[in-house]
Amino acid sequence: ETGEDMIEFYGKYGQDSPVKFFYCNRAKGSVRFRPYDLVVTPRQKVEAEYFTLSATGVMRIRRGVQAEFTSLAEWVREKTLFD
């Protein structure tokens, strides 16, 4: 499952979903760097930089650095502009 799948999930179920957030890592395998491409991962497999995606937004978490929050609407807008 990808970050886009989770955005669709929250678009359908919203904040009433029993799943409050998903852990994600950056997708790998692309020749070109695509910072908005995320893949859902188990908590035990998060990398040094990982993301949580919820109905309200995306939190970027890096060890030793303050977390950054982006609203879901802003994340989708930025992803669309980047693509």
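Strands β3 and β4 form a hairpin with 2 residues between them; strands here are DSSP runs of E with at least two residues, helices are runs of H or I with at least four, and both are numbered from the N terminus. The model is a predicted one, in which local features need pLDDT of at least 70 and side-chain atom pairs count only at pLDDT 80 or more, while totals for chains, interfaces and linings use all residues. Residues are numbered from 1 along each chain as its sequence is written, and side-chain values use heavy atoms, with hydrogens and water left out.

Strand β3 (residues 49-54) pairs with β4 in the antiparallel sense over 5 bridges, where pairing requires that DSSP finds at least two bridges between the strands. Within this arrangement, E49 stands opposite R62 in β4. Strand β4 is also joined by 5 bridges to β5, and these two run antiparallel. V58 has T70 in β5 as its bridge partner.

Turning to the aromatic side chains, a search of the whole structure finds 8 aromatic pairs; rings of Phe, Tyr and Trp (its six-membered ring) pair if their centres lie within 6.5 Å, and planes under 30 degrees apart count as stacked, over 60 as edge-to-face and the rest as tilted. The F21 and Y23 rings have centres 5.3 Å apart and planes at 75 degrees, so this pair is edge-to-face. Y36 and W75 also form an edge-to-face pair, at 4.8 Å centre to centre and 65 degrees between the planes. This pair links distant parts of the chain, as Y36 lies in the loop between β1 (21-26) and β2 (38-40) and W75 in helix α2 (residues 72-82), 39 residues apart. W75 is buried, with a relative accessible area of 7%, and Y36 is buried at 17% (buried means under 20%, exposed over 50% and partly exposed in between, with a 1.4 Å probe and protein chains only). Y36, F51, W75 and F82 form one aromatic cluster.

What lines the largest pocket? The lining consists of R26, P35, Y36, F51, V58, M59, R60, E68, T70, W75 and E78. A pocket is an open set of points on a 1 Å grid over the protein atoms alone, where a 1.4 Å probe fits, with protein on both sides within 12 Å along at least five of seven lines; lining residues have an atom within 4 Å of a point. Strand β4 gives the most to this lining, with 3 residues.
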